[in-house]
Amino acid sequence: MWGARSGPSLGRRFRWLWMSYAVSTFGTRIAFDAFPLLAILALHAGPAEVSALAATGAAAGAVLAVPLGPWVEFRRKRSVMIAMDLTRCAALASVPAAFVLGRLGLVQLLIVAVVVAAADITFNAAAGACLKALVRSPDLIAANGRLEATTWTATVLGPPLGGAAVALCGPVVTVLTDAVSYLLSAAGIRAIGGGEPRPVRTGPPPRTRADGLLEGWRYILAHPALRPLFFNMVLVNGLTMATQPLLAVLMLGPLGFAPWQYGLAFAVPCVGGLVGSRLSHRLVARYGQHAVLRTAGALRACWLLGLVFVHPGVSGLMLVMAVEFGMITCMSVFTPVFAAYRLDRTPEDRVARTLSAWSVTVKLTIAALTALGGLLAAATGPRTAIAAAGLLILATPLLLPRRAAARRPGRGVSRV
């Protein structure tokens with residue numbers, strides 16, 4: 001649970017950041033799939049329009065976020081985070097307003113999806129730098145573990161609550177809830193308090209605008225430890241997410257699972273996220289950061305192929321739940337350790353650009369691999385496409401760092 005008190009005390013200012021993250025994350029999970037539901041139920045959109053809304057919104061938002069990474073780097077991070085929260089709040093609040101006035105359309109949903117996707121990436125880039133400033137380097141794994149536990153708690157509880165809200169009041173209410181959650185998040189970030197000096201550039205300014213835009217990618221690809229992790233994360237996330245719509249088609253179509261069974265197959269395994277995120281700090285304390293990073297990173301790639309063998313009935317449902325539980329548990333051990341590892345090896349004046357470049361690449365790769373998976377499934381069937389993704393992901397552990405990389409020297413809690 002996100003409010004559990006265990007591990008090192010990370011201070012009042014981190015608790016405000018944590019509570020802000022918890023509120024906005026629960027709001028987002030409650031509004032899970034609200035836009036597709038609105039498009040289907042209120043606007044009577046077809047499958048092609050719903051798919052275009054999901055894919056285009058995320059991809060266009062990622063492209064829009066590219067110039068925002070350099071912009072964030074040399075601004076006060078909490079101010080950027082508050083601005084992005086308020087931007088998301090305003091964009092989402094326009095949806096119920098338009099619905100009440102009878103003016104809601106697919107174009108507006110697409111625009112809102114693009115704005116929210118770009119603001120998500122920008123917020124997360126600033127939040128990573130903010131976290132590095134609030135938490136000492138030795139405590140980064142514990143801090144990221146708590147954020148990861150919050151994510152999985154919200155994933156377990158949010159969609160069922162959102163589903164009940166949709167059944168009672170319609171999907172517009174969940175969008176409004178999400179908008180309010182960002183407003184509360186902005187208030188929490190403001191409550192962190194304390195001074196935040198304006199970042200200063202320590203190196204020479206970029207010679208051209210293009211150099212500034214590409215600095216995040218340039219740093220990642222030149223770093224011997226971050227480069228393999230970058231390709232590993234991009235491929236693992238892309239291949240994993242590409243199988244989700246294929247599995248939905250397979251389970252809800254030929255295999256005859258009911259929608260509630262499909263939802264259960266993905267809700268229950270999220271408990272593994274709580275287990276893994278609580279174990280990550282203890283495992284690192286016992287075995288070391290590099291060993292946990294490599295082991296959990298390799299294990300999380302071993303599960304996806306199991307989804308190929310899903311079959312009708314209770315045993316098929318249990319198979320999906322077991323595979324998802326194993327994969328989510330390994331991912332939730334890996335993610336806090338990876339996040340701390342990446343922050344430790346990223347200089348203070350490159351954090352926002354590096355995290356932004358990372359997120360943009362992941363989102364665009366997910367969109368591309370999802371589209372390719374759909375084309376392969378159309379030609380050969382969803383089971384074959386899932387098998388292809390499962391086989392490809394088995395090669396991703398080769399991209400994990402083989403040796404522990406030295407930490408860069410830090411300056412304690414005032415590192416940004």
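Colleague: Is R88 counted as buried or exposed, and at what relative accessibility?

Modeller: A word first: this is a predicted model. R88 has 4% relative accessibility. The limit for buried is under 20%, so R88 counts as buried.

Colleague: What makes D85 and R88 a salt bridge?

Modeller: Their closest N and O atoms are 2.7 Å apart, and the rule asks for a side-chain nitrogen of Lys or Arg within 4 Å of a carboxyl oxygen of Asp or Glu. The pair therefore qualifies. Both residues lie in helix α5 (residues 77-100), three residues apart, about one turn of the helix. D85 is buried, with a relative accessible area of 0%.

Colleague: Which other residue forms a salt bridge with R88, and which helices does that pair tie together?

Modeller: R88 also forms a salt bridge with D120, where the closest N and O atoms are 2.6 Å apart. R88 lies in helix α5 and D120 in helix α6 (residues 106-134), so this pair ties together parts that are 32 residues apart in sequence.

Colleague: How do you know that E215 and R218 form a salt bridge, and where do they lie?

Modeller: The N to O distance is 3.2 Å, and the cut-off is within 4 Å, so the pair passes. E215 and R218 are three residues apart in helix α9 (residues 209-222), which means about one helical turn between them. E215 is buried at 16% relative accessible area, whereas R218, at 37%, counts as partly exposed. As for D85, R88 and D120, salt bridges that share partners join them into one network.

Colleague: How many salt bridges are there by this rule?

Modeller: The count comes to six.

Colleague: What makes a group of residues a nonpolar core, and how many residues has the largest one?

Modeller: The members must be buried nonpolar residues joined through side-chain atoms within 4.5 Å. The largest such core has 50 residues, and those with the most contacts inside it are L131 and W358. Helix α6 gives the most to this core, with nine residues. Leaving out residues up to four places away in sequence, L131 touches F14, L17, L140, A143, N144, L147 and L343. Apart from this core lies another, of 29 residues, among them L255, L307, M321 and I393.

Colleague: Why is M321 called buried, and which residues does it touch?

Modeller: M321 has 14% relative accessibility; the limit is under 20%, so M321 counts as buried. M321 lies in helix α14 (residues 314-344). Beyond residues up to four places away in sequence, M321 touches L264, A265, V268 and P269. The C-alpha atoms of M321 and F26, 295 residues apart along the chain, are separated by 23 Å.

Colleague: Which residues are in contact with Q108?

Modeller: Apart from its neighbours within four places in sequence, Q108 is in contact with S94, V95, A98 and R103. Q108 lies in helix α6. The C-alpha atoms of Q108 and V95, 13 residues apart along the chain, are separated by 7.7 Å.

Colleague: How do you know that the chain agrees with a compact globule?

Modeller: A compact globule of 416 residues would have a radius of gyration near 22 Å, and the chain has 21 Å, so the value agrees. The C-alpha trace spans about 55 × 50 × 45 Å along its principal axes.

Colleague: What does the secondary structure of the chain come to, and what percentage of its residues count as buried?

Modeller: The chain has 16 helices and zero strands. Of its 416 residues, 50% count as buried. The accessible surface comes to about 18,300 Å², of which 70% belongs to carbon and sulfur atoms.

Notes
Residues are numbered from 1 along each chain as its sequence is written. This is a predicted model: local features need pLDDT of at least 70, side-chain atom pairs count only at pLDDT 80 or more; totals for chains, interfaces and linings use all residues. Side-chain values use heavy atoms; hydrogens and water are left out. Helices (H or I, at least four residues) and strands (E, at least two) are DSSP runs, numbered from the N terminus. Buried means under 20% relative accessible area, exposed over 50%, partly exposed in between (1.4 Å probe, protein chains only). Contact means heavy atoms within 4.5 Å. The radius of gyration is taken over C-alpha atoms; the globule rule is 2.2 Å times the number of residues to the power 0.38. Accessible areas come from the Shrake-Rupley method with a 1.4 Å probe; for residues, only the protein chains shown count as cover.
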